[in-house]
Amino acid sequence: MGDDGWSDWGDAANEDTGPKKPRNNDNQGGGGGGWGDDANDDTGSKKPSNNDDQGEGERPAPYRPVELNLEDEAALQIDSVGENFKRYKDQTVTCIPLNAVNPIEKFEDVIESKLLLENVKGLKYAELTPIQKWAMPAIIGGCDLIGCAQTGSGKTAAFLLPILQTIMKTEGLSEHDPNEDCQNPYCIIISPTRELAKQIYTHSKLLSKDSLVKSCYIYGQISTAHLKAQLSRGCHILVATLGRLKDFVQRGWIGFKNVKYIILDEGDRLVDDGFSGDLKMIFEHETMPPKADRQTLFFSATFKKQVQLTAKEYLKDDFIFITVGRVGAANEDIKQEFLQVSRPDKKRELRTILKDVPENEKTIIFTQTKMAADMLAGFFNSLKLSATSIHGDRHQSQREEAIAVFKRGEKRFLISSPVGNRGLDLPKVSLVINYDLPKSIDEYVHRIGRTGRAGHIGRAISFFDIEHDRELLPDLLKILEGAKQEIPSWLKELDCPADSEPTSSGAAGTSSGGGDFGDEDWGASSSSKPAVAASSNTQAAAADEEEDWGAIPAPKPAPSTSSNPPAPEPEEEWGASSSNKANGDNNSNNNKRQAPDEAGGYQKKLDTTSKPATPATKPVQDDSEWW
């Protein structure tokens, strides 16, 4: 055990029990549940929502985010490209069918709106990245698309710009009946996490500034009355998490009759088993236009073979598959380092690394569980280090504030559970530390991709625990080889079966890499492509990821009398109203949770000799983090 007695809690990636199942929300009453949605939002007095000092058992007031300050948000965007941005020109782009797209060289080649071009210039988008050169003309041309490119390469702008261009040319944008109860957006963008949804919404607002285009977002733990009021002003582009979108559709507040575009950002994550049922409900809704009358776009840095096959169900037969580099490969601008660290020694090794981090640089530390994120936040606070944290037990207001202060540079360190694995574009992050490695190689690629963005040089340090991380090794070695990284001799020497099959999206140098639907040998017609064998580990990451879906936890064990600490909970997003969440912990004695410190963590040691049981079934109204 570590020197303070809690290091053994630092890596619970292997305690998970299996993939999460979507929650059946059809009969849900409150819609959004938890702290984010009160039936009586607009009535009665509201208590101030000082969540860090919140007493046990109290609920914060319904959360109503403040309006975006677009000038402040623009200033927080990455203000320059990195020294390796020119290397993007050397990346290989594969397009299937062949010759289906004529790539562009500058924004003006497809963007006609002077206002949109001014906003692009204001955000200092100077040059197109490869995914933008190929995806933008494909979208303007009316094609369905799977776009796969490395982290930090401008995928969000690649789909937003052509869509905004088209919507801005649509007649009748200013026509809106504020009394109309159901909004019918032109574009639906679905995200697996709230933080990513808010980020896409922000980019949409920045790019459409001073135009008639109205962008809205809906996701969990925000007052439903507030979200409904925003929608009532009109909505052309809607960014949503899947659960909240389903809820608003069932309430009759969102319809699809005007939909021209559906974008699934981090699309490989959205079509896995955790989301698939609700995704089908959206696509099969009676108001959803058929494939021929809409465009469906998938974007991600990773796409497993089986996920590619699933995605085809939602696409036209003549869809285009664009890959930049190899599918699922890591960003070569990130220097990847590994330290062989056993679980009890992780905190000590982390302390050593932190001593050498320059004060003007920002760092993200990833854990695999909410408990580890809490404890690391307390540890950073005890060292007087400027840190904050995001994980599923923090209320959405706290999570958004944590992201904001980290982006502004008011906090140097961000401690994140898997909720921050994907998509977040946080400027000037120079270092990522994997305190716990994920089980899935795709999630590893996404995590380290929080640094080394837009041509900047990044660095990632990962703690490798032989006892718990060995299953990741075969794919990890291939990822390192593909990214031309130096591989430690001790990592090579670890026992690894020579014939082991990778479970990744396709690391460089392997039979599964770079191809999938982008394999040139399959010819120009998507209909002639051979069937792809399903991966043997398609749900490897499902159990330990914290994302907005309807997972129903397995019953927790009764209090243990063993002297060994119980296995920490898997990282699942539940929000406020679970019995042992932030709104009041029913644990007794030393296991009672104290108010979080400034970083969102807890310095008080947990009683590791027992852990209370929780109800076997979770009430329907508690389904909040799925939103």
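## A walk through the model

Just after helix H2, Lys124 takes a positive phi of about 65°. This is a predicted model, so local features need pLDDT of at least 70 and side-chain atom pairs count only at pLDDT 80 or more, while totals for chains, interfaces and linings use all residues. Residues are numbered from 1 along each chain as its sequence is written, and side-chain values use heavy atoms, with hydrogens and water left out.

Let's stay with H2, which covers residues 114-122. Helices here are DSSP runs of H or I with at least four residues, strands are runs of E with at least two, and both are numbered from the N terminus. Leu116, Asn119 and Val120 of H2 are buried; buried means under 20% relative accessible area, exposed over 50%, and partly exposed in between, with a 1.4 Å probe and protein chains only. These three cover an arc of only 105° around the axis, which puts them on the same side of H2. That arc is taken from the directions from the helix axis to the C-beta atoms. On the other side of H2 you'll find Lys114, Glu118, Lys121 and Gly122, which are exposed. The buried residues of H2 pack against helix H4 (155-168) and helix H5 (194-207). At the N-terminal end, Ser113 is the cap of H2, with a side-chain oxygen 3.4 Å from the backbone nitrogen of Leu115.

H5 is also where Glu195 sits. Leaving aside neighbours within four places in sequence, Glu195 is in contact (heavy atoms within 4.5 Å) with Gln396, Arg399, Ile403, Val419 and Leu424.

Now for the strands. Strand E2 (residues 145-148) is covered on both faces: Leu145 and Gly147 are buried on one side, Ile146 and Cys148 on the other. E2 runs parallel to strand E7 (residues 295-300), and four bridges join them; two strands pair if DSSP finds at least two bridges between them. In E7, Ser300 stands opposite Cys148. Four bridges also join E2 to strand E8 (residues 320-324), again parallel, and there Phe321 is the bridge partner of Ile146.

What about the cysteines? The structure holds zero disulfides, a disulfide being a pair of cysteine sulfur atoms within 2.5 Å. Cys235 is in none, and the nearest cysteine sulfur, that of Cys216, is 3.9 Å away. Cys235 counts as buried at 5% relative accessibility, whereas Cys182 counts as partly exposed at 23%.

Last, the rings. A search of the whole structure finds twelve aromatic pairs. One of them is Phe248 with Trp253, edge-to-face at 5.0 Å centre to centre and 90° between the planes. Rings of Phe, Tyr and Trp (its six-membered ring) pair if their centres lie within 6.5 Å; planes under 30 degrees apart count as stacked, over 60 as edge-to-face and the rest as tilted. Phe248 and Trp253 are both buried. Elsewhere, ring pairs link Tyr201, Tyr217 and Tyr219 into a cluster.

Notes: A polar contact is a pair of N or O atoms within 3.5 Å; within protein, one must be able to donate a hydrogen and the other to accept it, and residues adjacent in sequence count only if both atoms are side-chain atoms.
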